[in-house]
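Subject: Structure handover

Hello,

Here is the structure I promised you, with the sequence alongside.

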Amino acid sequence: MRLSQRITSVVEGGSDGWEVHTRAFGLKAAGHAVTMLTVGDHDVPTPAPFSDALVASLKGGNVGYPPIAGSPALRAAVASRVQERTGVPTSGANVVVTPGGQAALFASMMTAFDPGESCVVVDPYYATFDLTVRAASGQPIRVQARAEDGFQADAKAIEAALTPTTRALLINSPNNPTGAVYTRGTLEAIAELCIRRDLWLISDEVYESQVHNGPHLSSRSLPGMAERTLVVGSMSKSHAMTGWRLGWVVGPEAAAARIADLAITTTYGVPGFIQDAALAALRDGADEEREIAARYLRRRDLALGLLANRPGFHVHPSNGGMYLMLDIRPTGLSGIEFAETLLDDEGIAVMPGESFGRAAAGHVRVALTIPDEEMAPALERLAAFARRHAETRAAV
Ligand SMILES: Cc1ncc(COP(=O)(O)O)c(C=O)c1O
């Protein structure tokens, strides 16, 4: 039977960018020693109080159909968190709870553009971004953020790429994979562009609690932006709840109401006991949230200390999130070659920059998601591997 073009075009060219990770995972499952520095998943379990809240809710009988847009209490808790952190008046009516930030991305795109219209994606980007635009029947337009600019988005380059069908711009700060945190200047230039060209801004802020130097700035708080910004949030990274699938969209009330309509046709809401656990985490989990963010800052500092001024690569000084980008072009290898060979020779798995678009070619992303005592020796071996390749290249 013929499959729809919409679904067959989601993964373009048969590659979803996760091949190195999948191979590494298979090797590990087969008993090989592999150090996984590929995924943005925590190496520690969800804090016990959040799990306890889930069990209590489940045993207490919250197992029926949930309120589809989220429980009033959870929507209100997300709203007050957002209002406290951004100063933007926000109520539960601005919030829709979704199964993770990924579903919030899809819902935002379904809200912002119609089939065949386009959405600008800043490259490098989280590996699902272009897939999600296509799943929502849109056309991704990739605009590169340059390594030389610290991977800051460039509003002028974005404007030059707009077409008459462009309805939305998707940004992500703190950024996966680059660790870039957009400056106020970058965000103001983007806001000015969105207002002038009447674009939706989809602002993926799932790493907002992991800004290493200073407070997070949300685009929705800039003048004139609350009415055209859809903020994607999640408990995955901030509260070590990746597998729980709990996120949200925050946006104008009219958009939130439509996103709730969409949820009727897709997820029919997030399980009530998971919502109750998220509510407990938002109400009482400030210490745990701080501790999780501090872990990535500590590892970032440890990794930067270890990897600074080594031959064979250059480290981008990540300002947020759970990752580090290494520019490995001095080795003469592509990101894919580097990652494949590093896995074969050293049993270390990293993500090729090419998995995140074109602007990160010649880079690899290292996830800081293993214990410090395992991370340090793995990074030493990675550095020695890069040096060997750069020396071999120099000798040719
Ligand atoms: C930038 C970005 N957005 C969204 C997501 C999806 O997060 P969630 O687990 O909430 O679906 C991720 C996950 O890695 C991410 O890195």
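Predicted model: local features only at pLDDT ≥ 70, side-chain atom pairs only at ≥ 80, totals over all residues.

Let's start with the ligand. There are 13 residues around it, and those that come nearest are Gly100, Gly101, Gln102, Ser234 and Ser236. Helix α5 (residues 100-112) supplies the largest share of this shell, with three residues.

Next, a pair of helices. Helix α3 (residues 48-59) and helix α10 (residues 272-284) have axes that come within 8 Å of each other and cross at roughly 140 degrees. Because of that angle, α3 counts as oblique to α10. The crossing is right-handed. On the α3 side, the contact is made by Pro49, Phe50, Ala53, Leu54, Ser57 and Leu58; α10 brings in Gly272, Phe273, Ile274, Asp276, Ala277, Ala280, Ala281 and Asp284. Sorted by type, the residues of this contact are 10 nonpolar, two polar and two charged.

Finally, a sheet. Four strands form an open, antiparallel sheet in the order β9-β10-β13-β12. The edges are taken by β9 (314-316) and β12 (351-352); each has a single partner strand, so one side of each has no neighbour in the sheet. The partner of β9 is β10 (residues 323-327), and three bridges join the two in the antiparallel sense. If you want a spot to look at, find His314, which stands opposite Asp327 in β10.

Happy browsing, and best wishes

Note on methods: Residues numbered from 1 in each chain as written. Pairing = 2+ DSSP bridges. Near = placed C-beta within 6 Å. Axes fitted to C-alpha atoms, helices over the stretch in contact; angles between N-to-C directions. Parallel < 35°, antiparallel > 145°, perpendicular 65-115°, else oblique. Left-handed = near helix turned anticlockwise from the far one by under 90°. Contact = placed C-beta atoms within 7 Å. Nonpolar A, V, L, I, M, F, W, Y, C, P; charged D, E, K, R; others polar.
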